[in-house]
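Please look over the chain below with its charged side-chain pairs and its strand pairing in mind. The briefing that follows takes these topics in turn.

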Amino acid sequence: MKRREFIALLGGAAAWPLAARAQQPAMPVIGFLNATSPEGSTERLRGFHQGLKDTGYVEGDNITIIYRWAANQTDRLPEMAAELVRRQVAVIAATSNFPALAAKAATATIPIVFSVAEDPVKLGLVASLARPGGNLTGINFFSGELAAKKLELLRELTPTAVRVAVLVDPASAAAETVLRDTEAAARAMGLQIRVFNVSTSGEINAAFASFVRERPDALIVSLDPFLNSRRAQLVNLASRLALPAAFSFRDFVEIGGLMSYGADIADAFRHVGVYTGRILKGVKPADLPVVQASKFELVINAQTARMLGLTVPPTLLARADEVIE
């Protein structure tokens, strides 16, 4: 072989790895859009990453995730969603109602996987649960039975309670269902219900100021994105009034709330991760039915119960998924 031909051959061989690298597909990018902040979202992120792992994806290894947190400033969500669209992410994980609606308004082509606490059909996110249509699918962790069950558990923990206050955001798509089920359960148990509509932090303060005068025996906080975002305020106010309160998520109980009953939030976010992974593998959102949460948990803060002078019945302790000491 002539020297010139040999050098040309070496040059071509040296270029092979470069060409192979150039042909490798870019690492998929996921947009994660959330209305709150990373603080207090540990369980949610753990579930989301587990779902991705279950489908073969690990952040930093074969996927990249762009996180956008609105820090409870929901007016920032439309621009955040638009930015993710400009970044041409492969999928948007929109966690809770407002991010899901913002993502839907921002794109009709990029797949969106949502987790919402209200009926996604009523919210206008999908055509139906079985056949979502369009570019959205996800998980719905609202159940009409939750409100009645939460009241039943609170009554078991506070057997002398007669008057129960209920906080509801009237702007919530689930408000009507929550009130109907709560009122029906209250009648069956012989309880008196007083509903307080709250849509701002100031209205929450005003409701608790009225509790000082009216002295309800217990409090139910409705499952709602706004109320969930105000968990520190709600737990602190209930503690200040020594008012037994039932919430929807364990986040409240972990910071001193008395009890919670609702969807296992880590499991719900795992479903978001699984659906995100399946879409990255080529499945269309329209072919993935909306998942209904099926795993619920009862969490009790035993220290808060003692501070309120309550004795947690052994039967309730046995049914609790976790008791925080």
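Glu43 and Arg46 are three residues apart in helix α2 (residues 42-54), which means that about one helical turn separates them; helices here are DSSP runs of H or I with at least four residues, strands are DSSP runs of E with at least two, and both are numbered from the N terminus. This is a predicted model, in which local features need pLDDT of at least 70 and side-chain atom pairs count only at pLDDT 80 or more, while totals for chains, interfaces and linings use all residues. Residues are numbered from 1 along each chain as its sequence is written, and side-chain values use heavy atoms, with hydrogens and water left out.

**Salt bridges**

- With a salt bridge taken as a side-chain nitrogen of Lys or Arg within 4 Å of a carboxyl oxygen of Asp or Glu, the count comes to 16 salt bridges.
- One of them joins the side chains of Glu43 and Arg46, at 2.7 Å from N to O.
- Glu43 is partly exposed at a relative accessible area of 26%, and Arg46 is partly exposed at 48%, where buried means under 20% relative accessible area, exposed over 50%, and partly exposed in between (1.4 Å probe, protein chains only).
- Glu214 forms a salt bridge with Arg194, with the closest N and O atoms 2.6 Å apart; this pair links distant parts of the chain, since Glu214 belongs to helix α7 (residues 201-214) and Arg194 to strand β7 (residues 192-197), 20 residues apart.
- Glu214 is partly exposed, with a relative accessible area of 30%, and Arg194 is partly exposed, with 43%.
- Arg306 and Glu325 meet through their side chains in a salt bridge of 3.3 Å, N to O; because Arg306 lies in helix α12 (residues 302-307) and Glu325 in the segment after β13 (322-324), the pair ties together parts that are 19 residues apart in sequence.
- Both Arg306 and Glu325 are exposed.

**Sheet and strand pairing**

- Seven strands form an open sheet with mixed pairing, in the order β7-β6-β8-β9-β10-β12-β13, two strands being paired if DSSP finds at least two bridges between them.
- The edge strands β7 and β13 each have a single partner strand, so one side of each is left without a neighbour in the sheet.
- Strand β10 (residues 259-263) pairs with strand β12 (residues 296-301) in the antiparallel sense over five bridges, and Ala263 has Phe296 in β12 as its bridge partner.
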